[in-house]
Amino acid sequence: MVLRESPFPNRLLSGLYSLGQSLLFPSYWATDCLLDLRETTAERQQRRCCPLRALVTGPLLLLLLILSMPGALLGLLLWLPLQAARRPFAYKHNMLSRHPEVWELPGKSKAFGFVSANVCLLPNGLAKFSNLGQMKQRVARIGQRLTQGEAGASFASPRSSQFLLPSKYGATAASPPRPESHARRPGASVVIEVPDGEGAAGPGEISVPFPPDVDFLCLQEVFDQRAGARLCQLLSPFYEHIVYDVGAYGLQGCRTLKVFGSGLFLASRYPVLAAQYRCYPECSGEDALSAKGLLSVQVELGAAHGQRIVGYLNCTHLHAPAADAQIRCSQLTQGLFWAQLFQDAHAQRGDVVAFDVFCGDFNFDNCSSGDELEQTHEIFRQYQDPCRVGPRQDRPWAIGTLLNYLHIHEEAVSTPEKLKRTLEQEEGRRTYLAGPILQDGRPDPSAAGSPWEGRRIDYILYREHPAPINLTTEVEKFSFITQLAGCSDHMAVGLRLLLNPAPQWQQQV
């Protein structure tokens, strides 16, 4: 089944929806500008903002907001009922001259690259609460950095581990122990020193650039629709299939009024066969204004004796307030159930499932005593976390992905290269990574004397599926990517999986 690009079944409904949004926009813009009067630490340091700016422009913006209310009310009356006709995502298919190599079995092993990143693309005023702003400039930088290594990458060339560069912190290309197999790929392991002499080599590294061959890109917090459209434009020369503007607005499918979508965004080099979004019913506080949920996608990777080789991606962004652990657990449980329902609904007899990935910003870590409930959730029995040993214990090379937002504009972390160098030192991690928390969100004082890993709240999990063809999964590489320095208060994470067919399914030479 080919996905329709527009979220509406016809142009009339799409046009009416655009009219409703146009009527709402002046109020939206005035509210955003009022919130944007708040200064970031960078603006205070560089004295970009005149101290009288708020006194002069604030009343004018407030007057504009009041004057725009009648039009906004009309727009709301048009916009709300149209949500019932809107599919909760848009899809872009851009025909490219180059395509990824189709995987055929019997044949060779195949590697797939995944990246997950919270890019904090909210309207300027709301981004200021994360010490960020200048959304238009940031989305341009993010799009450019996400595709920096893509222009010269050859999609048709065989994948190998030769591009992996050594890092001072961690190591590359060795898979974490698995019950099924403890073998390592010959020649793929590069042992690098781990700080403080802790632990053995693993597949983790701190990396400046994004890998040049990312097949699937999963983003969170693309809340601003203009930012989503611009990202779609910037990424479409490199990713043929993009699912964006994901989420239910208004009262459609949710218990409370949704002002923002889910913020989820997915780009794929491989054909998207099916996509589904579901909104989490449980939410509270400021998170209730956004339609956080689960985006599930089925992609086609190749063929094996006439049967499809497919992969599944599940991208999510869980509830944020630290004290609401029960809500996050409920959302995870719901997400697991929905992911299985989606796979059952779209599977065909004889399908070979190459991978099943569950990723996103989970808003809890594996080091905080306050996140104990989430750390023992069922998801970690169904999916494997390459960075995790068990509850409250990560692998020695794993580090936090949430930055201390008050320090993200300081010189030591102002560029991707500087952020990498800083995080390779424990003192740098203590200063610039957000630390463990208690259940109410306050810093955990008991963590002060222990080795500092920081809060790792961005995850890429995977699991294997029984299939007619026996495939084993090897983690070639897990990356903590600093390329978004100055653009987000999160680091991106990357995972590279190598799928090995059983000997009888390998290509005979």
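**Close-up views of a predicted model**

The largest cavity has a volume of about 80 Å³. This is a predicted model, in which local features need pLDDT of at least 70, side-chain atom pairs count only at pLDDT 80 or more, and totals for chains, interfaces and linings use all residues. Residues are numbered from 1 along each chain as its sequence is written, and side-chain values use heavy atoms, without hydrogens or water.

**View 1. Lining of the largest cavity.** The lining holds 12 residues. Nearest the centre lie Gly-113, Phe-114, Pro-211, Leu-495 and Arg-496. Strands S3 (110–118), S15 (471–481) and S16 (492–501) each give two or more residues to this lining. By class, the lining has six nonpolar, three polar and three charged residues. Here Ala, Val, Leu, Ile, Met, Phe, Trp, Tyr, Cys and Pro are nonpolar, Asp, Glu, Lys and Arg are charged, and the others, Gly among them, are polar. A search of the whole structure finds three cavities of 30 Å³ or more. A cavity is a set of points on a 1 Å grid over the protein atoms alone where a 1.4 Å probe fits but cannot get out; lining residues have an atom within 4 Å of a point. Points are joined across faces, edges and corners, and a volume is the space filled by probe spheres set on them.

**View 2. The second largest cavity.** Its volume is about 40 Å³. Lining residues include Cys-279, Tyr-280 and Cys-283. Also in the lining are Lys-258, Glu-282, Asp-287 and Lys-292. Ser-290, Ala-291, His-319 and Gln-331 line this cavity too. The lining divides into four nonpolar, three polar and four charged residues.

**View 3. Helix H3 and its kink.** Helix H3 spans residues 53–82. A kink of about 45° lies at Met-69, shortly before Pro-70. The bend is the angle between axes fitted to the seven residues ending at a residue and the seven starting there. Buried residues of H3 include Gly-58, Leu-61, Leu-65 and Ser-68. Ala-72, Gly-75, Trp-79 and Leu-82 are also buried. Buried means under 20% relative accessible area, exposed over 50%, and partly exposed in between (1.4 Å probe, protein chains only). The buried residues of H3 pack against helix H1 (11–35). UniProt, in an unreviewed entry, places a "transmembrane region" at residues 61–82. Such annotations may be inferred rather than shown by experiment. The span is 100% helix and 0% strand, with its end C-alpha atoms 29 Å apart.

**View 4. A cis peptide bond at Pro-106.** The bond from Leu-105 to Pro-106 is cis, with omega near 5°. Pro-106 sits in the loop between strand S2 (103–105) and S3.

View 5. Gln-134 is not a glycine, yet its phi is positive, about 50°. Gln-134 lies in the loop between helix H4 (124–127) and helix H5 (135–146). Its relative accessibility of 35% makes Gln-134 partly exposed. Asp-245 also has a positive phi, near 50°. The loop that holds Asp-245 runs between strand S6 (241–244) and strand S7 (265–268). Asp-245 is partly exposed, at 21% relative accessible area.

**View 6. The whole protein.** The protein has 11 helices and 16 strands. Helices (H or I, at least four residues) and strands (E, at least two) are DSSP runs, numbered from the N terminus. Of the 509 residues, 56% count as buried. Among contacts (heavy atoms within 4.5 Å) between residues at least 6 apart in sequence, 78% join residues at least 24 apart.

Note on methods:
1 Å grid on protein atoms, 1.4 Å probe; cavity = no way out; pocket = protein on both sides within 12 Å on 5 of 7 lines; lining within 4 Å.
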